[in-house]
Amino acid sequence: MSGAAGLVVVPEAKIYDHGIGHPLRPQRVLLTWELIDAFGIDREPGVVRLGAEAADDETLMLVHTPEFIDATRQAGHGAAGPWARFGYGPGDNPIFDDMHEAGAIVVGATVAAARAVVGGEVAHAFNAAGGLHHAMPGRASGFCVYDDPAVGIAWMLARGVERVAYVDVDVHHGDGVQAVFWNDPRVLTISIHEYAPELGFFPGTGALSERGGADAPDSAVNLPLPPGTSDGGWLEAFRTAVPPIVRAFDPDVIVTQLGCDSHATDPLAHLGLTTDAYRQVAAELHALAHEVAGGRWVATGGGGYQWARVVPRAWTIHFAEMAGVSPPDRLPEHWIERAEFESRGEVPSTLSDPPPRRSPADEEAAAIGAAVLDVRAGRSEGAG
Ligand SMILES: [Zn+2]
Ligand SMILES: [Zn+2]
């Protein structure tokens, strides 16, 4: 069950680098491409490598304001200005060299994936450098300069695609993409994420009660899961709600954000997933794309801060599913050596992880899927 799959490889994306000590290290993406290459997945029949060019201002303006684009360009070229107003400054979104150019290449890579899928060159395409889902039309947020999933979706809509379903499995709420399409009935946004306002967990939005604007009721779907949720509860919530809602929406294309900061070992979040959950959700998304969208599936990366130990394995699992291949569990020795050299630490030697322990949070999480369906059917209010 696979058509051709495209892997967008843009080595220039390594300039998307907030600097030493920032968790969003470019090595996450570079090691992912290297692991996919080490397994030979990108040389399988039906798999193509896709290049990309930086998105131009006109493309960025499908989502972003000219003032924000100008501020990003100037700040990244060392000019002084009121950049804090645009989300830039010490902390999550430090100003870094050439950040406009860096953001524009990430967006260009997602647009290249969208172009290949919509144009029929491939059924599925993956931009591991993308998934910067927190960026807002007029400001940077949560390590994200430009919102490549939102621009990719807007680009497709501008080219005649009528309905897009966006599914975001990052541990953080996909707030930027939701905000961009809040009042647009052509785009269904679904986000399954950790939700813990009492812990001040970023970004703080994504409650069950967020369901879309007045012109697009029920176009936003949120599955807010408690800290401690592991594979069982997460997958049950996903399977209960996501496929039926996407099916009912009947999209032309599915866009996914595949952040893997939901992993049990991720330093920035508190869910307990293993790579087995990624294998299962990849299969679910793949089947859904073929069932409802003629196979058209545009995938992006996203968060994930175990940059050597988890991210490359997680996204290799996802891309192997898109390519319809089953790599051996054991990671190629030369890749392990590379990753251990880069990270100066040990990395796991298999794609699989030890099985997770089911936690009490899993029961709560499992019930969220049903709660989402109840709210949509008008059987409850969905506060919280
Ligand atoms: Zn397929
Ligand atoms: Zn995240």
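Trainee: How many salt bridges does the count come to?

Mentor: The count comes to 16 salt bridges. The term applies when a side-chain nitrogen of Lys or Arg is within 4 Å of a carboxyl oxygen of Asp or Glu.

Trainee: What kind of model is this, and which cut-offs apply to it?

Mentor: The model is predicted, so local features need pLDDT of at least 70 and side-chain atom pairs pLDDT 80 or more, while totals for chains, interfaces and linings use all residues. Residues are numbered from 1 along each chain as its sequence is written, chains are lettered from A and ligands numbered from 1 in the order in which they are written, and side-chain values use heavy atoms, without hydrogens and water.

Trainee: What makes Arg49 and Asp42 a salt bridge?

Mentor: The distance, N to O, is 3.0 Å. That is within 4 Å, so the pair qualifies.

Trainee: Why does Asp42 count as buried?

Mentor: Buried means under 20% relative accessible area, exposed over 50%, and partly exposed in between, using a 1.4 Å probe and protein chains only. Asp42 has 8%, so it is buried. Arg49 has 46% and is therefore partly exposed.

Trainee: Which residues are linked with Arg49 and Asp42 in a network of salt bridges?

Mentor: Asp37 and Arg43 join Asp42 and Arg49 in that network.

Trainee: How do you know that Asp184 and Arg186 form a salt bridge?

Mentor: Their side chains meet at 2.9 Å, N to O. Asp184 is buried at 13%. Arg186, at 39%, is partly exposed.

Trainee: Why is Glu363 called partly exposed?

Mentor: Its relative accessible area is 48%, so it falls in the middle class. Its salt-bridge partner is Arg358, at 2.9 Å, N to O. Arg358 is also partly exposed, at 45%.

Trainee: What makes a stretch a helix or a strand?

Mentor: Both are DSSP runs, numbered from the N terminus: helices are H or I with at least four residues, strands are E with at least two.

Trainee: How many residues of helix H5 are buried?

Mentor: In H5 (residues 148-158), 10 of its 11 residues are buried, so the helix is mostly covered. Among them are Asp148, Ile153 and Trp155.

Trainee: Which residues other than glycine have a positive phi?

Mentor: Asp98 is one, at about 55 degrees. Its place is the loop between helix H3 (66-76) and H4. Asp250 is another, with phi near 60 degrees. Asp250 sits in the loop between helix H7 (231-249) and strand S7 (253-257).

Trainee: Where is Pro203, and what is its peptide bond?

Mentor: Pro203 is in the loop between strand S5 (187-194) and strand S6 (220-225). The bond from Phe202 is cis, with omega near -10 degrees.

Trainee: What volume does the largest pocket have?

Mentor: About 270 Å³. Of its 15 lining residues, the closest to its centre are Ala55, Thr59, Val111, Arg115 and Trp155. On a 1 Å grid over the protein atoms alone, a cavity is a set of points where a 1.4 Å probe fits but cannot get out; a pocket is an open set with protein on both sides within 12 Å along at least five of seven lines, and lining residues have an atom within 4 Å of a point. Grid points are joined across faces, edges and corners, and the volume is the space filled by probe spheres set on the points.

Trainee: Which element gives the largest share of that lining?

Mentor: H4, with four residues.
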